[in-house]
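Me: I've got a protein on my screen and I'd like to talk it through. Can you take my questions one by one?

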Amino acid sequence: MAAAAAGLSWRRVSSFTGPVPRSRHGHRAVAIRELVIIFGGGNEGIADELHVYNTATNQWFLPAVRGDIPPGCAAHGFVCDGTRILVFGGMVEYGRYSNDLYELQASRWLWKKVKPQAPSTGSPPCPRLGHSFSLYGNKCYLFGGLANESEDSNNNVPRYLNDFYELELQHGSGVVGWSIPVTKGVLPSPRESHTAIVYCRKDLGSPKIYIFGGMCGCRLNDLWELDIETMTWSRPETKGTVPLPRSLHTANVIGNKMYVFGGWVPQSAGGEISAHDGEWKCTGSFSYLNLDTTEWIGLISDCQEDKSNLLPGPRAGHCAVAVGTRLYIWSGRDGYRKAWNNQVCCKDLWYLDTERPPAPSQVQLIRATTNSFQVKWDEVPTVEGYLLQLHADSPVPSVAGIPAAGVPETSVLSSQGSGSCLHQSPQSLPSVPYPEMKVDHPSQTNNVIPNNVQASLSSNSLLKVEGKEKVASPENNITRETLKNHADATGFKESNAPSLLPVCTSSPQTSANVGELHDLDKRTVNPDASVSSTVSSTQTMVTQQAVKTESSSTNGAVVKDETSLTTFNSKSEAAGTTYTMPSTKVSTGQTNDSHSSKAPQRQMAPVKTRDRQWYDVGIFKNNSAVVSQFYLLPEETLNVSNKKESADAPDYRLLKKQDLFPGTVYRFRVAAINGCGVGPFSKISEFKTCIPGFPGAPSTVKITKSVDCIHLSWEPPASPSGNILEYSAYLAIRSTQLQENPSQLVFMRIYCGLKTSCIVTAAQLANAHVDYTSRPAIVFRISAKNERGYGPATQVRWLQGKIGVRR
């Protein structure tokens with residue numbers, strides 16, 4: 001099949017939850033992050049509800065909208081600007097068209113009717129349907145449609161339009177007014193039910209609007225281009241086979257491609273298209289136009305329709321929306337029953353991954369023991385799983401040093417007298433790139449997809465999502481019992497190690513799948529309700545400086561006696577292209593690219609080929625894993641791994657497993673998997689298993705804000721390995737070293753004692769460094785000491801809102 005040859009892997013979504021909207025046509029859809037928002041359309045009456053589908057939780061919901069709720073409409077204009085949606089025109093009842101403009105603030109589900117100013121010359125747009133409404137920057141562009149020239153709905157005379165308007169938007173909310181731009185070149189011919197997309201090449205060129213197809217007595221397949229900067233119309237020359245003339249199709253831009261699906265096409269494609277083609281049919285054909293080369297590529301032809309349940313059926317008047325690089329298609333009409341004079345609408349939802357997923361973030365450490373890690377990484381939208389690999393160094397001897405956040409290092413804090421200053425002891429520790437969202441504790445269950453990695457990854461058990469700028473925790477559709485069986489099948493066990501990265505929050509986490517989005521457009525979080533934990537994932541050089549002062553004051557922060565300052569100099573370690581990367585193939589017939597890791601590799605000591613081998617930990621459904629073992633590849637695979645980059649993934653049931661060792665450095669990388677295969681690997685993270693005898697990191701750090709100070713508290717390590725002698729808390733402070741090298745964090749100890757809490761004064765906070773590597777935050781570190789010394793530290797980032805700490 002051509003679809004298989006093109007590498008397509010359509011998936012039909014099943015097992016929804018929530019109120020599924022009734023099937024329809026003439027509706028419109030946009031995407032806000034992982035949410036698909038659908039409005040309008042008709043089938044036994046015009047629909048007026050706003051439906052939302054959460055692609056991450058496979059859940060439909062009806063948000064509680066309020067305000068100036070618009071009437072139901074079909075074949076309307078529908079565009080999304082951030083978290084606001086604009087609706088223009090459409091059919092509001094049979095024979096009656098609209099030119100009203102409504103705005104929906106999706107962050108609050110608030111509708112508002114807006115009244116733009118009329119153009120300085122000419123009239124505002126007349127009521128219409130089937131027009132195109134495109135957004136670029138702060139302007140919407142309206143073209144064409146079908147106008148009803150008669151006020152008598154029983155004797156209406158439609159008129160095809162080719163007028164062109166520009167609507168200027170106000171920032172955030174509201175509009176300025178309509179204008180009629182002066183354009184050059186020849187306007188496209190009048191039409192309705194066409195498509196229009198906006199595309200701008202990243203490297204060169206100005207933004208352009210592309211109009212394709214539509215209806216004007218007969219169906220069209222012409223392509224028009226408008227240069228937005230020069231306002232010049234033209235007809236670009238194309239290569240390849242142009243799709244059949246059509247209307248009521250969809251067009252979506254993903255990357256540099258315009259994907260065209262479905263629509264009404266002439267029944268007979270032979271010869272010239274007549275001026276008024278009376279016979280037509282719905283189609284399920286699928287093509288794309290490479291917008292850089294203007295070449296058409298056919299993916300699904302008309303002859304493949306109704307011959308396979310693996311492809312979406314023919315339809316017209318459907319909606320299609322891109323969520324990341326995934327294309328979703330829902331409903332639409334699939335034919336016309338002349339005997340009943342009734343349109344038949346589809347009820348199915350499909351998606352297609354058009355590209356391999358991007359590389360995930362670096363693997364981040366949540367907790368560590370002597371023989372296991374609990375790790376996580378940021379979610380990649382619209383993926384079906386993650387391939388986690390590791391590379392083991394030989395065991396590293398214990399070295400004394402400052403406690404580093406999230407690092408299962410033997411980090412001994414030496415004490416001399418009452419001053420407790422730190423000795424100089426440079427060593428290599430991971431640094432901390434900070435995630436933007438708070439970390440929620442992943443399940444102890446390992447969520448491993450066992451056996452052969454060609455296992456089917458169902459579409460109804462997707463990833464957790466961000467809601468209200470937090471990581472929400474909706475239930476996955478895959479059951480805990482199933483996950484436990486997966487974990488048992490691959491030899492992974494639950495870990496009782498202390499958490500190095502606790503969730504620290506005084507506000508409940510909220511899922512976006514309950515019909516709320518009222519924080520989607522906010523980029524700040526209340527400081528007293530937001531603490532984010534961080535993890536180690538790159539290479540860090542640590543130097544320690546014992547700074548002695550005599551009750552001096554720095555910007556209001558009193559520094560008494562011998563105060564220890566520690567400087568952390570981050571060095572980023574990227575993914576290694578010098579490593580051998582065995583490819584993994586996942587049921588799509590596509591293999592991993594040998595160049596998937598493109599970042600330069602730091603210089604390392606020469607090691608044997610076998611020692612450079614990456615080993616599979618497993619394939620995981622969610623973005624977290626408990627790692628206590630990894631799979632050893634057969635000897636013959638190791639011998640040819642330098643030459644064979646496209647081998648199929650092994651059957652994990654046939655491979656031996658290797659336990660992790662104490663005091664050993666392991667490097668991790670992770671790649672996302674979707675319907676197109678395995679994407680590129682993340683940058684490399686490096687962690688070390690704990691050495692027995694040292695305490696774990698404190699857990700469950702909490703920050704409570706009061707009028708003139710904050711209260712910092714924590715719980716003892718779950719694995720103290722003896723009696724805890726003292727805790728130390730550190731605060732990242734401003735320094736001249738930070739100005740010279742922003743990657744260096746300088747920490748001042750603000751507490752040392754047996755209590756599991758301390759007060760951080762306003763004077764100390766006034767001297768705090770606000771870290772902007774992701775979202776503004778103040779950084780704390782807390783570590784515990786037993787008879788052997790200090791163990792790894794828990795690092796937390798106290799997120800700052802609009803009212804930040806004085807600088």
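This is a predicted model: local features need pLDDT of at least 70, side-chain atom pairs count only at pLDDT 80 or more; totals for chains, interfaces and linings use all residues.

Me: How many helices and how many strands does the protein have?
Reply: Helices (H or I, at least four residues) and strands (E, at least two) are DSSP runs here, numbered from the N terminus. On that count, the secondary structure comes to five helices and 56 strands.

Me: What share of the residues is buried?
Reply: Buried means under 20% relative accessible area, exposed means over 50%, and partly exposed is in between (1.4 Å probe, protein chains only). Of the 807 residues in the protein, the buried share is 58%.

Me: Which residues lie nearest the centre of the second largest pocket?
Reply: A pocket is an open set of points on a 1 Å grid over the protein atoms alone, where a 1.4 Å probe fits and protein lies on both sides within 12 Å along at least five of seven lines; lining residues have an atom within 4 Å of a point. Strands β2, β7, β11, β15, β19 and β25 each supply at least two residues of this lining. The lining has 38 residues, and nearest the centre are Ala29, Ala196, Ile197, Ala251 and Asn252.

Me: Where is Arg326, and which backbone oxygen lies 3.1 Å from a polar atom of its side chain?
Reply: Arg326 sits in strand β26 (residues 326–330). It counts as buried because its relative accessibility is 0%. Contact means heavy atoms within 4.5 Å, and Arg326 touches Tyr351, Asp353 and Glu384, among others. The backbone oxygen at 3.1 Å belongs to Thr382.

Me: Which residues touch the most other members of the largest nonpolar core?
Reply: A nonpolar core is a set of buried Ala, Val, Leu, Ile, Met, Phe, Trp, Tyr and Cys residues joined through side-chain atoms within 4.5 Å. The core has 25 residues, and those touching the most other members are Leu712, Trp714, Val760, Ile778 and Phe780.

Me: Which elements give two or more residues to this core?
Reply: Take Val760 as a way in: its contacts include Cys709, Leu712, Ile750 and Phe780, leaving aside residues up to four places away in sequence. The elements that give two or more residues to the core are β49, β50, β51, β52, β53, β55 and β56.

Me: Is Glu44, with its positive phi, buried or exposed?
Reply: Glu44 has a positive phi of about 60° although it is not a glycine. Its place is the loop between β3 (35–39) and β4 (50–54). With a relative accessible area of 75%, Glu44 is exposed.

Me: And Met231, buried or exposed?
Reply: Met231 is not a glycine either, yet has a positive phi of about 55°. The loop between β17 (218–227) and β18 (232–234) holds Met231. At a relative accessible area of 10%, Met231 is buried.

Me: How far apart in space are Glu379 and Asn622?
Reply: Glu379 lies in the loop between β31 (373–376) and β32 (385–395) and is partly exposed, at 27% relative accessible area. Glu379 and Asn622 are 243 residues apart in sequence, but their C-alpha to C-alpha distance is 8.1 Å.

Terms used. Residues are numbered from 1 along each chain as its sequence is written. Side-chain values use heavy atoms; hydrogens and water are left out. A polar contact is a pair of N or O atoms within 3.5 Å; within protein, one must be able to donate a hydrogen and the other to accept it, and residues adjacent in sequence count only if both atoms are side-chain atoms.
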